[in-house]
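Work through the exercises below with the sequence and the model open. Each task is followed by a solution in steps.

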Amino acid sequence: MSVESPVRVHPVDEVLPLPRLLIFGLQHLFIMYAGAVAVPLIVGPAIGLSSPDIAILVSADLLVSGIATIIQSAGISRLFGVRLPVVAGATFTVLNPMIIIATQYGGRDGLPYVYGAMLISGVFGLALAKPFSRVIRFFPPLVTGTTICIIGLSLGGADISLIADKTVDGSYVVTPSRMGLAALVLVLILVISRAFRGFIGQVAVLLAIVIGTVVASFMHLVSFGNVGAAAWFGAPHIFHFGPPKFAAAAIVTMCIVMVVTFTESTADMLAVGELTGKELSPGDLARGLATDGLSAFLAAFTNSFPDTAFAENVGLVGLTKVRSRWVVTVCGGLLLALGLIPKVGQVIADLPGPVIGGAATVMFAMVTAVGIQTLHKVDFAGTHNLLIVAAALAVGLLPAFDQHIYDEFPKDFQVIFGSSITATVIVVFVLNLVFNHWVRGDHRTAVQEAVSEGAVVPELASEKVD
């Protein structure tokens, strides 16, 4: 009598013990929280919102992020969710478009136009998800690797803003003590990861944040005074800024944002698939992209932002090697709680900036490293691929180095090329089409081409020319 061997569960689908699920999920939350709230904290002041309005944006952002993260990791039937350890968070691609659209229509009074356009872009995203997933051949490692690289590089300023305690003439200035604290967190991550294996090594980031917070308390950098004033429960504020309004230019802009978000998410989901050893089918990718579209649709009602696969957490998966998607489901549940329980969210928000910034420095750099790892698969010999990567990064890094570089350009141009990610995606995608799809792809030299046409060269006459 034969005994059937148990079916082996893929590490992505493995359900870890509850304590580990909670701790790993909390680690994902800590590493993405600063990036998650960065978008509302940048958009709010830029369009002149009051502190209560900004608080509503932050809560809505966390709420939608939690919903999208749970859907991405757990999935809903055959409709939504890539079913990978993918954390969803507000895309930085939407920053400039939201600010420009709102400003054009009167600041706070222009937000109904923003959310009207976002509503349409969400529907557009839901419709586009499946067709977009079927053109995956136009997103080879050349495109996805370059995109992942620029995501990591463009996020670099976010960690500096957390570490710094003041600005001088628009530039961040960091005191030695705060820089030392951030460096301590970074060193702790490296030491714990190197010295310990198994569970301890996998929670290196979380342990470094906890130790860093304890050290920061002796430096008088920790204050949880805002926790007492925060409410225990906060329901979503539906159409807080008024019912949606629709303008053609705003709608087109937000639909462009959705396409770029799809490209960003595609790159990140493919990276997570590679890191976890699970190959994505077009159907998997379509469900993941549909979730991005759903997040924009929900964001229009709740005063939030479109979500994308968060690059910081891609880096965390690569660092910890924890591949279970249910860890991320727990993170989504925690995000949901933060969105509905402001008091809990305030505790996370009050963590010292240099501590979170020090951890973020590693994660942002890890994203860039994942992009370089992806580019390692690209054939650079005898092709123009190296030039394509260089041109795309050159264009993309311009607004990262100076956000005012396009101030004298038309608003529509600013919306598109004012974002490092958007600019890079457009350039690398178009150049890949031009050099690798619209021209002959055999990359033969001029001599080889001549030989194929009948010329005789002794050294090449015996070679077979494809």
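This is a predicted model: local features need pLDDT of at least 70, side-chain atom pairs count only at pLDDT 80 or more; totals for chains, interfaces and linings use all residues.

Residues are numbered from 1 along each chain as its sequence is written, and side-chain values use heavy atoms, with hydrogens and water left out.

**Exercise 1. Describe the chain as a whole.**

Solution. Step 1: list the secondary structure. The protein chain has 20 helices and four strands; helices (H or I, at least four residues) and strands (E, at least two) are DSSP runs, numbered from the N terminus.

Step 1: take the burial. Of the 466 residues, 50% are buried, where buried means under 20% relative accessible area, exposed over 50%, and partly exposed in between (1.4 Å probe, protein chains only).

Step 2: take the surface. Accessible areas come from the Shrake-Rupley method with a 1.4 Å probe; for residues, only the protein chains shown count as cover.

Step 3: take the contacts (heavy atoms within 4.5 Å). Among those with a separation of 6 or more, 81% join residues 24 or more positions apart.

**Exercise 2. Locate salt bridges and state how exposed their partners are.**

Solution. Step 1: count. There are five salt bridges, each a side-chain nitrogen of Lys or Arg within 4 Å of a carboxyl oxygen of Asp or Glu.

Step 1: take R325 and D13, whose side chains meet at 2.8 Å, N to O. R325 lies in helix α13 (residues 325–340) and D13 in the segment before α1 (18–46), so the pair links distant parts of the chain, 312 residues apart. R325 is buried at 10% relative accessible area, while D13 is partly exposed at 25%.

Step 2: take E274 and K377, with their closest N and O atoms 2.9 Å apart. This pair also links distant parts of the chain: E274 is in helix α10 (residues 248–276) and K377 in the loop between α15 (353–375) and α16 (385–401), 103 residues apart. E274 is partly exposed at 32%; K377 is exposed at 52%.

Step 3: take D284 and R287, which meet at 2.5 Å, N to O. Both lie in helix α11 (residues 282–302), three residues apart, about one turn of the helix. D284 is buried at 16%, and R287 is buried at 15%.

Step 4: look for shared partners. D13, K278 and R325 are joined into one network.

**Exercise 3. Which residues form a nonpolar patch on the surface with about 310 Å² of accessible area together?**

Solution. Step 1: apply the criterion. Patches are made of residues with over 30% relative accessible area and no salt bridge; like charges are joined within 9 Å, nonpolar side chains (Val, Leu, Ile, Met, Phe, Trp, Tyr) within 5 Å.

Step 1: name the members. They are F196, I200, L207 and I211.

Step 2: check one member. I211 is found in helix α9 (residues 204–218) and is partly exposed, at 37% relative accessible area.
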